[in-house]
Every structure is written in C-alpha cells, then in structure tokens.
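Please look through the sequence and the structure shown here before reading the briefing that follows.

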Amino acid sequence: MNPTDRKLRKLHVVTHGCQMNVYDSARMADVLRPLGYTTVNSPEEADMVIMNTCHIRERAEEKVFSNLGRLRVLKEEKGGEMMIAVTGCVAQAEGELITQRAPFVDLVVGPQAYHRLPELIAQAHRKQGAVIDTEFPAEQKFDHLPDTAAPQGVVSFLSIQEGCDKFCSFCVVPYTRGAEASRPVASVLAEARRMVAQGAKEIALLGQNVNAYHGEGPAGSTWSLTRLLAELSEIEGLERLRYTTSHPNDMDDELILAHRDNAKLMPFLHLPVQSGSDKILQAMNRKHKADAFRRIVDKLRNARPDIALSSDFIVGHPGETEADFQDTMKLVRETGFALAYSFKYSPRPGTPAAGLGQIPEDVKDSRLYELQAELRRQQDEFNAATVGLTTPVLFTSKGRHEGQIAGRSLWLNPVVVEHPTELTGEIHMVKITRSNPNSLIGTLISKEQIAA
Ligand code: 5AD
Ligand code: SF4
C-alpha cells in the first residue's frame, strides 16, 4: 500500500477465550496500525470487526455464532459497509462452516496467518465471498510479527510458545494451534525489554505448553524456560515474572527450583491436572498418574512454601465413574488450591474422546456442582488466610470507586486499597484487612511502619 492511500479506519476487536487470544488480538491491532487502523471500543463505530474466537468447549463455539448474528444486523444497518473477520481457533477448525452458516463474513483467518492480515484484507476488498486462510505455513508466525507493539501496561503478556504435541483425548489445541513451537530467545528478550521500557513491571509468559519451551538461544544452543526466566530476571525495572499454562510432565526439577532461586518469579503456578483418577488420566492421554502430580506439588511447596496453586479440571470425560470422580475430589481435598477452573467435558469434533460413549448431562452437572463447591471453599479459605499479612502489592490502576487504587498480590489476587493518589506501576507493602470472594482489601503500610 502506498502511504498516501492511507485513510483513517476504525477497528474493533472482540476477544473470546484464553490469554493467548488476548495477546493475539493486540498483535493483530499492531499489524493493522501501519495501514491506518485505530482501535475503537464498539462495533457500531467500526469499519472492521475482528472476532477472535475460542473452540475449546462447545459453549465457546455457540457464542461465536450468536455474536456473529448480532454483527450481521449491524452490517446490514450500515448498508454492508463493515468488514467482518473471524480469527482464532474456530476460524482454524471450522473455516468452511463459518462461511456457510454466516455468509456475511468477509475473512476467516487461522492463528498461524495473522501476519498476512493486510494482504488478506486487500484480497477481501477485491473479492466477492469470503477469503479463507487457515493454512499451517512451515515458517513460524513469531518471525513475522511487527516490532512496534502498543504498550499493554504495568502487567504485560508475552507469547513465547505456541501449539501442542500432547494430544490429550479431549482437546482441540493440537489441531487448531498446530505443532508445538518455541519463539527464539533473542526475539523474546527484545520484546520483554521493549515492554519494560514501555512501563511493564510484571511480565506473564504465555504458551499452550509454556513449560515445554525450548527456544533457540545464542550459538546454536537451546534454552529451557528456566534459563529464559533467569535471563529475563536480569532486566532492570522488571519486578515480577509469571508463566502459564504448564503441563505436569514438563515440570522438571530445574523449573521447580526456579521458584526458590529466581527472586522475580512469583509464588503462583497454574498447573492443570484435569482428573485425580489414574484410569481417567490414562484415558485422557495425560501420560502421568495422580501421584506424579502430588509429588510435583510436594517439591514445589518444599522449594517455595508460600506458593499458591491453581489448576483445571474436567468432569464427565468418557469412562468416568463415580469412583473416578471421587478420586478427583480426593486429590482436590489433599492438595488445596488457591484458584481453579472446572468444566463439564464437552465433546469436540475430531478429538479422540468425542467418539466414545458419553456421560449423561445430569451426571456431569451434579459432579461439577460438587467439585465447584469444594474449589470455592478452598479459594475462600486461601483468601481468608491472607488477612493479617503484610505483603507487596503491584499497583496497576485506579480503583472502581473514587479514592481507591487497585493492584495485584503475589498470588494474583486483585487488591483494593483506599488511597488519594494513583500509584500505578509501583510496588508497596499492604496489610490485608479483609477478604472477599474474588479480591482482597488492605491498607498501605509505610516504610517507617515496616521498620517499626
Ligand atoms: N471439554 C471440557 N473442558 C476442556 N478443556 C479443554 N478441552 C475441553 C473439553 N473438550 C479444559 C481443560 C483445559 C482448559 C483450558 O479447558 O481443563 O486445561
Ligand atoms: Fe490440550 Fe493442554 Fe493437552 Fe495440549 S497439553 S492437548 S493444550 S490440554
């Protein structure tokens, strides 16, 4: 495009699903900015709407089609003058189906092709009917992203690994995101330094299998996640590091000890276990037993006694009996989670478990109810245990109400403090005075009070 062709265009991005999609949405806006696109907050104002979708469970997919229905009405109201793109995992998995069910969609782009968006938009302008790009190119998409990203803020997300080779029986990720690939070390470090220069104090490294990271380092070396975290922790001005999501089988001793030795690595780990039954873990193709998870938890707590654990669970995977489910409940009760996500098994087309005998919906419902009640109790217990602690909080924004500021604890809890001025980007000691279901309330403690 000739720079003189540039006119101001308005882009609205709707993001469904995981942090990886949030990151990708921001990068798509970065790719389109040089073409004159600025982001707006509603589809009503936009010339182009990107819907970045999630395919992980059936409900997520249904949401895509119901949201598309609303966009169709809006497009009609604008006399067709609005481009609609569907990106993300539904685009990858259901490309053709989208254009059949929603023929008003102009573009369908899979997660491996975002760097080609400018070219695809130009094609869509020329063409009648939708343009689809859901190829898995041989080259890595990381290499093509622009290095002029808009600042994300005090807490920034950095994608370092994509895709998955583990093929859990229930999961679409290996099909929608493709083979596991790690971004080269130099590119990760450059982006992290830029984020810190733009004001990031906390960086969360993202990947579907982030602890399987094995990026190309200097002189033909291969770096593990632990090595990468060590190097990132040397960046001056960067105060906190996190990583998500991990698989138990890649949780090696080196990484466990990093939670003791790397002072910037936060005492919080999201480690999905899915089930506490060895039979179901095997049916899920998780390739470890429940006791292996227990051993990892013991090692982590030895290395870093204040570590808080989070996990994902699925109830009602094909073959799950009441006894299997009770094994999950037992694992949950023994472990103690600060936070957890739990789901009813949702058959995904093309995945191995979808073809097996299914558990009745009402059985899944009652198991989910029982599990979530226990997880809720554990979360409340964890939050309540922080009351009375004096702990560092990274302030990220103003609070919702006048005279309040908001931040995050070491363990990812939102923390709200009464304070007249903004402290965004600063870390201060806070005495926690009250716990709510999803946040903590505290008071700022001065250095003098701490010394006293
Ligand atoms: N049904 C229900 N939950 C699923 N997850 C992944 N696939 C499915 C499915 N088919 C859950 C897993 C995973 C989380 C991101 O979503 O618990 O860790
Ligand atoms: Fe899906 Fe995670 Fe299993 Fe990979 S390891 S297949 S992303 S659940």
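**Briefing on a predicted model**

Once its neighbours within four places in sequence are set aside, I280 is in contact with S275, H317, P318, G319, E320 and D324.

- Because its relative accessible area is 1%, and buried means under 20%, I280 counts as buried.
- Although I280 and Y345 are 65 residues apart in sequence, their C-alpha atoms are 12 Å apart in space.

**Domains**

- The chain is divided into domain 1 (9–133), domain 2 (141–385) and domain 3 (390–451).
- Taken over C-alpha atoms, the centres of domain 1 and domain 3 are separated by 38 Å.

**Ligand 1**

- Around ligand 1 stand I56, R57, F170, Q274, D312, I314, F343, K344, Y345, S346 and R348, and by class this shell has 5 nonpolar, 2 polar and 4 charged residues.
- A polar side-chain atom of R57 lies 2.8 Å from an oxygen atom of ligand 1, and an N or O atom in the side chain of D312 is 2.6 Å from an oxygen atom of the ligand.
- With S346 it is a polar backbone atom that takes part, at 2.8 Å from a nitrogen atom of ligand 1.
- Taken alone, ligand 1 exposes 400 Å², and the protein buries 87% of that area.
- The elements that give two or more residues to the shell around ligand 1 are the strands β15 (308–315) and β16 (339–344).

**Ligand 2**

- The residues that surround ligand 2 are C164, K166, F167, C168, F170, C171, V173, P174, N209, H247 and R286.
- Sorted by class, the shell around ligand 2 has 7 nonpolar, 2 polar and 2 charged residues.
- F170 is listed around ligand 1, and F170 is also listed around ligand 2.

**Backbone features**

- Most residues other than glycine have a negative phi, and most peptide bonds are trans.
- A cis peptide bond, with omega of about 5°, joins T244 and T245, and T245 lies in the loop between β13 (240–244) and α8 (253–261).
- N285 is not a glycine, yet its phi is positive at about 60°, and this residue lies in the loop between α9 and α10 (290–303).
- Because its relative accessible area is 29%, N285 counts as partly exposed.
- K287 has a positive phi of about 65° although it is not a glycine, and K287 is found in the loop between α9 and α10.
- Because its relative accessibility is 60%, and exposed means over 50%, K287 counts as exposed.

**K10 in strand β1**

- The residue K10 lies in strand β1, which covers residues 9–15.
- Because its relative accessibility is 34%, K10 counts as partly exposed.
- Leaving aside its neighbours within four places in sequence, K10 is in contact with Y37, T38, V40, E45, A46, D47 and M48.
- K10 and S42 are 32 residues apart in sequence, while their C-alpha atoms are 9.8 Å apart in space.

Notes
Residues numbered from 1 in each chain as written. Chains lettered and ligands numbered in written order. Predicted model: local features only at pLDDT ≥ 70, side-chain atom pairs only at ≥ 80, totals over all residues. Heavy atoms only, no water. Near = heavy atom within 4 Å. Polar contact = N/O pair within 3.5 Å; in protein donor to acceptor, adjacent residues only side chain to side chain. Areas by Shrake-Rupley, 256 points an atom, 1.4 Å probe, with all protein chains shown as cover. Helix = DSSP H or I, 4+ residues; strand = E, 2+ residues; numbered from the N terminus. Nonpolar A, V, L, I, M, F, W, Y, C, P; charged D, E, K, R; others polar. Domains from an automatic or database assignment. Buried < 20%, exposed > 50% of the residue type's maximum accessible area, 1.4 Å probe, protein only. Contact = heavy atoms within 4.5 Å.
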